[in-house]
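Biologist: I'd like to learn how to read salt bridges in a model. Could you walk me through a case?

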Amino acid sequence: YILGPPMISIVIPVKDEAESLPVLYDELLAVLKVIRKPYEIIFVNAGSTDNSKEILNSITGKNEHVRAIHFRANFGKSEALAYGFSHCKGDIIITLDADLQDDPNDIPKILSKIHEGYDVVVGWRQKRKDTFDKRISSFLFNSGTRFLSRVNLHDYNCGLKAMRRNVAQQLHLHGELHRFIPVLAAKLKYRVTEIHVSHRKRRFGASKFGLSRSWRAAIDLLTVLFVTHYEGKP
């Protein structure tokens, strides 16, 4: 292990985002040039059926710091993130969505919060640029999660997050558990906080991971709370 500047790993789940990928890649490069730290970008292609695979392979061919992992099918966002985490080399891991709604320009201030001593920093999309239905469902989800978990955040499921590598290594993500990364980390006694981030309108298409499994989120939250609360009980 060679001492030096902390390396940053950026993990991005991808599902049918061919139009967004070139724009996102250019935005990330611009921000990373400002940060001036060693980095890697890991795209996890969750069974895309458009030409996301070809675009990702083209990007990796131009930049040795970019890797693409291709799933044969969509096993969900949790599995995509978990696989990306297991292949990270960085000291600090950043996640964001591939749909361009997360703004890479918020990465420096999220990193600054990590350097203040926090283990997990979650984006708070205070001004959502989503449909009315999605804003309502997110409000209900966040309110319910806050009430049940007693982890006092406003936006648990923002795609833009930063965490230390040791935190990611202890997260066993499956099902819909990616929605509760801050709760899982807090229950493991890590320092968790949030920071305001910008949120942009979707430029291309519609949400690909979707809310079709959102009913499972309630079950997964109850499982998380039960296991973490009673893990020390007989």
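Predicted model: local features only at pLDDT ≥ 70, side-chain atom pairs only at ≥ 80, totals over all residues.

Biologist: How many salt bridges does a search of the whole structure find?

Modeller: The search turns up 12. The general idea is to look for a side-chain nitrogen of Lys or Arg within 4 Å of a carboxyl oxygen of Asp or Glu. Take Lys15 and Asp16: their side chains meet at 2.6 Å, N to O.

Biologist: Are Lys15 and Asp16 buried or exposed?

Modeller: Both Lys15 and Asp16 are buried.

Biologist: Okay, and which residue does the side chain of Glu17 meet in a salt bridge?

Modeller: That's Arg202, with 3.4 Å from N to O. Here you want to check where the partners sit along the chain. Glu17 is in the loop between β1 (8-14) and α1 (21-35), while Arg202 is in the loop between β7 (192-196) and α8 (214-230), so the pair links distant parts of the chain, 185 residues apart.

Biologist: Why does Glu17 count as buried?

Modeller: Because its relative accessibility is 6%, and buried means under 20%.

Biologist: What about the salt bridge between Arg202 and Asp99?

Modeller: Those side chains meet at 3.2 Å, N to O. This pair also links distant parts of the chain, 103 residues apart, with Asp99 in the loop between β4 (92-95) and α4 (107-115). Asp99 is buried too, with a relative accessible area of 9%.

Biologist: Which residues do salt bridges with shared partners join into one network?

Modeller: Glu17, Asp99 and Arg202. Arg202 pairs with Glu17 and with Asp99.

Key. Residues numbered from 1 in each chain as written. Heavy atoms only, no water. Buried < 20%, exposed > 50% of the residue type's maximum accessible area, 1.4 Å probe, protein only. Helix = DSSP H or I, 4+ residues; strand = E, 2+ residues; numbered from the N terminus.
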